[in-house]
Amino acid sequence: MTWEKVIELEKQKEYYKKLHDEVEKRYQTTTVFPAKENIFKAFSLTKLDNLKVVILGQDPYHGVGQAQGLAFSTPNNIKNPPSMVNILKEINDDLGRASICEDGDLTSWAKDGVLLINTILTVEESKPKSHHKLGWEVFTDNIIKYISENCEGIVFILWGAPAIKKTKLIDESKHHILTSPHPSPLSSYRGFFGCKHFSKTNEILKKLRKEPIRW
């Protein structure tokens, strides 16, 4: 199975048809991020047969030029948002070296097997969570369930309460779950810093005889 086929099955469902029509309308009447062709970018960069890690965000960045279809990631010519700054700081503290993605563009992680998805895949400019309850949550829940049921030994990295709630969708007898507060400045000091999720993930992958991620 490929992501294209998995997503095509979702697109045939009633909830998705309503979601598609509503999102289409909003692209025509408001400024929506990311660009329409990048909504499913995470799935085109991280092949299903190379999937090792899932990092779950909330919704895309809502500033001009930031969202590129990968959770937490921004184009390399954009100043790193606060959450990304904190992620890079934790990598440095955890691994004792700078990330290979210091410019904030996480495309190389995606190609390495890290699925970077938000629970909501679109957002209106300057309005965080503006596409909440349109149907994206149903879509991404179904993606998580599909991974849980059809893959083996995936590391799910869940940052923040909304992401941690997805634990109930994941078969913990087959997969590994790492949780912590969100890396945003509002919560990073409550346990994101020091979570060591990057080294822990690679330790798990090595035990599973999988290639570690080049963070």
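Let's start with Ser126, which sits in the loop between S4 and H6. Keep in mind that this is a predicted model. Ser126 is not a glycine, yet its phi is positive, at about 65°. Is Ser126 buried or exposed? Exposed, because its relative accessibility is 53% and the cut-off for exposed is over 50%.

Lys133 is exposed, with 68% relative accessible area. Now look at the charge around it. Lys133 belongs to a surface patch of positive charge, together with Lys129, Lys145, Lys165 and Lys168.

There is a negative counterpart to show. Glu149, Glu152, Asp171 and Glu172 gather in a surface patch of negative charge. Glu149 lies in helix H6, residues 136-150. Its relative accessible area is 57%, so Glu149 is exposed.

Next, another residue with positive phi. Phe72 is not a glycine either, and its phi is near 70°. Find Phe72 in the loop between S2 and helix H4, residues 82-95. Where Ser126 is exposed, Phe72 is buried, at 8% relative accessibility.

Now S2 itself. How many residues of strand S2 are buried? Five of five, across residues 53-57. Which way do they point? Val53, Ile55 and Gly57 go one way. Val54 and Leu56 go the other. In a regular strand, side chains alternate between the two faces of the sheet. Here, the residues pointing either way from S2 are all buried.

Who are the neighbours of S2? Strand S3, residues 114-118, runs parallel to S2 and is joined to it by five bridges. Within S3, Asn118 stands opposite Gly57. Strand S5, residues 155-159, is also parallel to S2, with four bridges between them. There, Val54 has Phe156 as its bridge partner.

Lys47 is in the loop between helix H3, residues 41-45, and S2. At 44% relative accessible area, Lys47 is partly exposed. Lys47 and Lys111 are 64 residues apart in the chain, and their C-alpha atoms are separated by 7.8 Å.

Last stop: a cis peptide bond. Which residues does it link? Phe33 and Pro34, with omega near -5°. Pro34 is in the loop between strand S1, residues 32-33, and H3.

To recap the backbone: positive phi at Phe72 and Ser126, and a cis bond from Phe33 to Pro34. On the surface, Lys133 is in the positive patch and Glu149 in the negative one.

Conventions:
Residues numbered from 1 in each chain as written. Predicted model: local features only at pLDDT ≥ 70, side-chain atom pairs only at ≥ 80, totals over all residues. Heavy atoms only, no water. Patch = residues over 30% accessible without salt bridge, like charges linked within 9 Å, V, L, I, M, F, W, Y side chains within 5 Å. Areas by Shrake-Rupley, 256 points an atom, 1.4 Å probe, with all protein chains shown as cover. Salt bridge = Lys/Arg side-chain N within 4 Å of Asp/Glu carboxyl O. Lys, Arg positive; Asp, Glu negative; His and termini not counted. Charge placed at Lys NZ, Arg CZ, Asp CG, Glu CD. Helix = DSSP H or I, 4+ residues; strand = E, 2+ residues; numbered from the N terminus. Buried < 20%, exposed > 50% of the residue type's maximum accessible area, 1.4 Å probe, protein only. Pairing = 2+ DSSP bridges.
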